[in-house]
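Please look through the structure below with this briefing beside you.

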Amino acid sequence: MSDGENATDSVYDWYYTDDGTSFAPCDDADLKNFAQVFLPTLYSLVFILGFIGNGLVVCVLVKHRNQANLTDICLFNLAISDLLFVLTLPFYSHYSVVGQWTLGDFMCRFTSGFHSTGFFSSIFFMVVMTLDRYVVIVHTHKVARYRTLRAGVALSVFVWMLSLCVSLPNVIFTKVTNESHGLDCIYNPENEAWRLYNTFTIPVLGLVIPLLVMIVCYSRIIPILLNMRSAKKHRVVKLIISIVVAFFLFWAPYNISLFLRFLKSKGILQNDCDVEANVKLSVTVTETFAYTHCCLNPIIYAFVGQKFMKRVLQLLRKWMHLPFTRAWSDSSYRKSSVMSRSSDASSSFVM
């Protein structure tokens, strides 16, 4: 999973004391039954919506690759990251239903690595897009000549390599273990340092740093936009606020739950069955809720743009023979063309 553990690890795992020894968990049959229904249902929904939305983004950008710019490259990689992420969900959905991992050690490591890489690369490309918008608006004339396709490709390679490096411990230390209820696919390093690495990687790289980058960059961008004579500046400001708020609301609860689980494993929280059950339930629910953010990325970063939406509708019209979309898309495009001439800076947000 994105935290190096499988989807049902919060339900089926055994807790460890500081010296690495395990003790028998409380009776959590109700939680297991809940997870066997809740997780597959939500994972299936996220998979379908995420696959369709991000798949459309990829198809549109590939079709118009000859007109691609740095923003398009970032959007393309963000969509690929989310696709990589959601493609692992059917495996974890199966894991939740069956109650144990039946796909072997290789698929355990492979799925965990893909899941983690998709998670981190998605976050990192969101950060890259934030920084790109910052330099375009705050330092427009200084960076224009550096925003080339070659720079975009080089930046993409760097982000993917960074994501792979951050996710490598998940591939190495995630393994199939034989537990009392059956086979588990869990992140289980023998070294306590790697446990701490896994515990703090997600909050730091997945929430704190990206959120700080967004707040700092957008706090500089918004005043500049508001001073522009642009017909769509207020729309862009609302979009910025939506990006930051959505990111925080979807990922903060999950990270808080992971921190509570860490405190529980260290004995800082009260060691009783009620606390254990509540922490496990919190991780299970907030984790699944956080995953739905990948379904929103196409809407937040791509489909809000009238130019991009026109391309989507053209593609759907071609695939599904929907004649009514042409008039709608042409009207939207004419509106977008008039508005886009008012401000190049705000157009970098609303494509």
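Axes are lines fitted to C-alpha atoms, for helices over the stretch in contact, and angles run from 0 to 180 degrees between N-to-C directions. Helices (H or I, at least four residues) and strands (E, at least two) are DSSP runs, numbered from the N terminus. This is a predicted model, in which local features need pLDDT of at least 70 and side-chain atom pairs count only at pLDDT 80 or more, while totals for chains, interfaces and linings use all residues. Residues are numbered from 1 along each chain as its sequence is written, and side-chain values use heavy atoms, with hydrogens and water left out.

**Helix pairs**

- Helix 2 and helix 4 (residues 89–98) have axes 8 Å apart and pack at an angle of about 165°. That makes helix 2 roughly antiparallel to helix 4, where angles under 35 degrees count as roughly parallel, over 145 as roughly antiparallel, 65 to 115 as roughly perpendicular and the rest as oblique.
- The crossing in which helix 2 passes helix 4 is left-handed, a term used if the near helix is turned anticlockwise from the far one by less than a right angle, whereas clockwise makes a crossing right-handed.
- Helix 5 (residues 104–138) and helix 8 (residues 192–226) have axes that come within 9 Å and cross at roughly 20°, and the two helices are therefore roughly parallel to each other.
- In the contact of helix 5 with helix 8, the residues divide into 20 nonpolar, 3 polar and 2 charged. Here Ala, Val, Leu, Ile, Met, Phe, Trp, Tyr, Cys and Pro count as nonpolar, Asp, Glu, Lys and Arg as charged, and the others, Gly among them, as polar.
- Helix 8 also packs with helix 9 (residues 233–265), at an angle of about 160° and with the axes 10 Å apart, so helix 8 and helix 9 are roughly antiparallel to each other.
- The contact of helix 8 with helix 9 has 25 nonpolar, 4 polar and 1 charged residues.

**Buried residues**

- Val46 lies in helix 2 (residues 29–63) and, at 2% relative accessibility, counts as buried, which means under 20% relative accessible area, with exposed over 50% and partly exposed in between (1.4 Å probe, protein chains only).
- Val46 and His293 are 247 residues apart along the chain, and their C-alpha atoms are separated by 8.9 Å.
- Helix 11 is largely enclosed by the rest of the structure, because 9 of its 11 residues are buried; among them are His293, Asn297 and Tyr301.
- Met126, found in helix 5, counts as buried at 1% relative accessibility. Met126 and Met214 are 88 residues apart in sequence and, C-alpha to C-alpha, 9.1 Å apart in space.

**Cavities**

- On a 1 Å grid over the protein atoms alone, a cavity is a set of points where a 1.4 Å probe fits but cannot get out, and lining residues have an atom within 4 Å of a point. Grid points are joined across faces, edges and corners, and a volume is the space filled by probe spheres set on the points.
- By this rule there are 4 cavities of 30 Å³ or more, and the largest cavity has a volume of about 80 Å³.
- Of the 13 residues that line the largest cavity, the closest to its centre are Asp82, Phe119, Ser122, Trp251 and Cys294.
- Helix 5 gives the largest share of this lining, 5 residues, and by class the lining has 8 nonpolar, 4 polar and 1 charged residues.

Technical notes
On a 1 Å grid over the protein atoms alone, a cavity is a set of points where a 1.4 Å probe fits but cannot get out, and a pocket is an open set with protein on both sides within 12 Å along at least five of seven lines; lining residues have an atom within 4 Å of a point.
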